Amino acid sequence: MTKKNVIVIGNGMVGHKFCEKLIAKSNEFQIIVFGEEPRIAYDRVHLSSYFDGKTVEDLSLSSLDWYQENNIQLYLGDAVTEVNRTEKIVHTQSGRTQNYDYLVMATGSAPFVPNIPGVEKEGVFVYRTIEDLDKMKAHASKCKTGAVMGGGLLGLEAGKALLDLGIKETHIVEFASRLMPRQIDDAGSKLLQGKLAQLNLTVHLNKNTSAVLGEKKITGLAFADGSELGLDMLVISAGIRPRDEIARLCGLEVSSRGGIVVNGFMQTSDESIFAIGECALFNSMIYGLVAPGYEMAEVAASFLCEGDKQFKGFDMSTKLKLIGVDVASFGDAFISEPDCTSIIFEDTHKGIYKRINITSDGKQLLGGILIGDAEAYNMLLQTVNNKIVLPPNPEDLILGARGGESTVGASVMGLPDDALICSCEAVSKGAICNAVINQDLKTFDEVKKCTKAGSGCGGCVPMVKDLINGTLTENGMYIKNVLCEHFDYSRQELLDLIKMNKIETYDQVLDTFGKGDGCEVCKPAVASILASLWNDLILKQDTIQDSNDRFLANIQKGGTYSVVPRIPGGEITPDKLIVIGQVAKEFNLYTKITGGQRIDLFGAHLVDLPAIWGKLIDAGFESGHAYGKSLRTVKSCVGSTWCRFGLHDSVSFAIEIEERYKGLRSPHKLKGGVSGCIRECAEAKSKDFGIIATEKGWNLYICGNGGSKPQHAELLASDIDSETCIKYLDRFLMFYVRTADPLTRTATWLNKMEGGMAYLKNVIINDSLGIAEELEEAMRYHISTYACEWKAAIENPEMRKRFSHFINAPEEKDPSVKFETMRDQVKAETW
């Protein structure tokens, strides 16, 4: 049988999805794809991750082999220039001609560039393709100030891109009176603007750009109000225009404002030609998200296979993480009173804004906006789409239950089977649950491979995982948190088994309780358990807790290592400072004060590490454990010793705390802080444990962290004396070591803990589990068995052998390491 030719114009995300859908439904078609870009389809949704280190291959949606395996003829870098509808032939830029039975236009959209004088100048870019990003990369290296024209979704993504490129002074210029005017309201925009300001993104609203300044190269922007903004670089992200030029040339019906007019089957005014994605205009609307484009691809493929599925519009609810900030809108986000009742929660301290719109009778959820915390997005969207009756206290949807009867409404398992869980791939709750039951699937990866749920934007992943666990539980299957495929135990269970059986090596653990050869998940996890239990030298283990433990130093760019001696409380004698200076000079090391009040020595050759350590140890220094999953530092302010506001001696207490817990191996790194008064100069509340002086003693805070998701520590006990503070810390740290999952910070551990802070207080202060003495004894054992890892390693001849690049020339340094000068010091050249 002769196959019918289906030509796809455009090899973007939606064009690629159409190919996937059609080959899954039928083998009666010969698919021919013409792509304008020189590369196969890639993920434009996560384009900004290209600046985070993702490669073109990482972003690619498939491979050239995939096209060959599915007998798809692919022509890259060869745009279609003409469509002869009478003869059903397309002509391409390279001179190719190809006949078709059906033609699918997936030409997408192009950036809208306003007609402003000077937009053609050097240093002005659009943000659409990988080629655009490469040009931005090349130009940004010589820029100090940049701006993005447009404060919508893409504009904020482009702003993140400029920050990732190292342009510290970045501006967002928006014509409207608020950011993301199509997704969030004025109050949400103000809060988002404040969050962006913390990231050094300056926002300019109500700005009408009148000209791009400069001769051949951009030097700034001029605005209609007479003001100017100096710039080295501009990215235009002022919206999109449908790519409908080929459709116009061949006489298809297009809108005067852009877009190829289609019906519910995605057919254009020519029944043999279809349009899908951002070039298609359905019911006078262009859909600028990928999920509607995927649905259009499904409809068109279904129609070609004689299906009757139709496109009936699409829910434009969306959840994104913009520059590290959760932003979501769903349902009717902008409806206002008297057509609804709005419930608003705003926490300017934490940067959280939530608004839900409900019917006047309080029974139905209509829509809403979430900023800073969008964890409830999926369930709220399902509540809108499935018209789920609201609980008696609708505010619980955004505030959480605050006691009394259950308040949050139906769980994910209470949704109807036809509830759409994954909008990108149109996967329902019923399809996911049936796959789990009928095909014996137990993991997210298995369900994703089978149903494709979660393979698009990823926003539905938490709900898919909840459905998997809920379905397994409903069918009587026990969901166990096992370490990996080699151990049928959780980290907590394995720790108890190792302790009870007094096992001291990884191989013994694997032989006794595991199977197979182990993996990169269980080896460091077991190493962490062994180090925490027995406090033995990490280098004696069969495996290591972390890659840096192999050489007791942080591996840096360029093939060198950094050395960080312990400096408790940041207090150091002049003699020790002189030794650090002498070592840095002798081994030509780059020196820097760290954020944890220590001195970091960069650029050490592997073979020099034992000699460096030897000199530092002779001067009284110890390992700072900057390389390990262990206690790093206990930061201190100058306290009552020096500060006129200080209530207590925070320096002495910080030193005592750090000396007590030094070398404590744990599931993740630990940081502490001690502040001498409420002014909090040691930033104690941003640490895993923080101690702040009061008039009556100390306040002890636990489970905070900085980083990309900062979280303030919570108060465990107030106005306690030093002895009680240390007792509670002993219990807290050992309870964390015993019960946390691998690579879990204390903040995340607490967030996942059933009962939260109330439960943890009960365990630590009230000894509700009856294990307080056991935890304190474990800490006493750690303190009594502590030994400096550096000292032990360099005193052992066998261990010293590992610090060499070449067995037959142990003194030879790595010849591939090169250095360059930076501000009168040297640093290793980046490989």
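Let's start with two charged residues. Lys-21 is buried, and Glu-425 is buried too. Keep in mind that this is a predicted model.

What do these two form? Lys-21 and Glu-425 make a salt bridge, and their closest N and O atoms are 3.4 Å apart. Now look at where they sit. Lys-21 is in helix H1, residues 13-25. Glu-425 is in the loop between strand E26 (420-422) and strand E27 (427-428). The two are 404 residues apart, so the pair links distant parts of the chain. In general, side chains of opposite charge can pair when their charged atoms come close.

The pair also belongs to a network. Which residues are in it? Salt bridges link Lys-17, Glu-20, Lys-21, Lys-25, Glu-298, Glu-425 and Lys-452. Across the structure there are 40 salt bridges.

Here is another one. Lys-429 and Asp-417 meet through their side chains, at 3.8 Å from N to O. Are the partners buried or exposed? Lys-429 has 6% relative accessibility, so it counts as buried. Asp-417 has a relative accessible area of 52%, so it is exposed.

One more pair. Lys-827 and Glu-820 form a salt bridge at 3.1 Å, N to O. Lys-827 counts as partly exposed, at 24% relative accessibility. Glu-820 counts as partly exposed, at 34%.

Next, a helix. H16 covers residues 522-534, which is 13 residues. From first C-alpha to last, H16 reaches 18 Å, close to the 18 Å expected at 1.5 Å a residue. How many of its residues are buried? In H16, 11 of 13 are, and the helix is mostly covered. Among the buried ones are Cys-522, Ile-529, Leu-533 and Trp-534. What covers them? The cover includes helices H14 (491-500), H15 (506-513), H21 (722-739) and H24 (772-785).

Last stop, a strand. E32 runs over residues 631-636, and six of the six are buried, so the strand is largely enclosed by the rest of the structure. Which strand pairs with it? E32 pairs with strand E33, residues 670-675, in the parallel sense, over four bridges. Find Leu-631 on your screen. Its bridge partner in E33 is Leu-670.

Conventions. Residues are numbered from 1 along each chain as its sequence is written. This is a predicted model: local features need pLDDT of at least 70, side-chain atom pairs count only at pLDDT 80 or more; totals for chains, interfaces and linings use all residues. Side-chain values use heavy atoms; hydrogens and water are left out. Buried means under 20% relative accessible area, exposed over 50%, partly exposed in between (1.4 Å probe, protein chains only). Two strands pair if DSSP finds at least two bridges between them. The expected span of a helix is 1.5 Å times one less than its number of residues. Contact means heavy atoms within 4.5 Å. A salt bridge is a side-chain nitrogen of Lys or Arg within 4 Å of a carboxyl oxygen of Asp or Glu.
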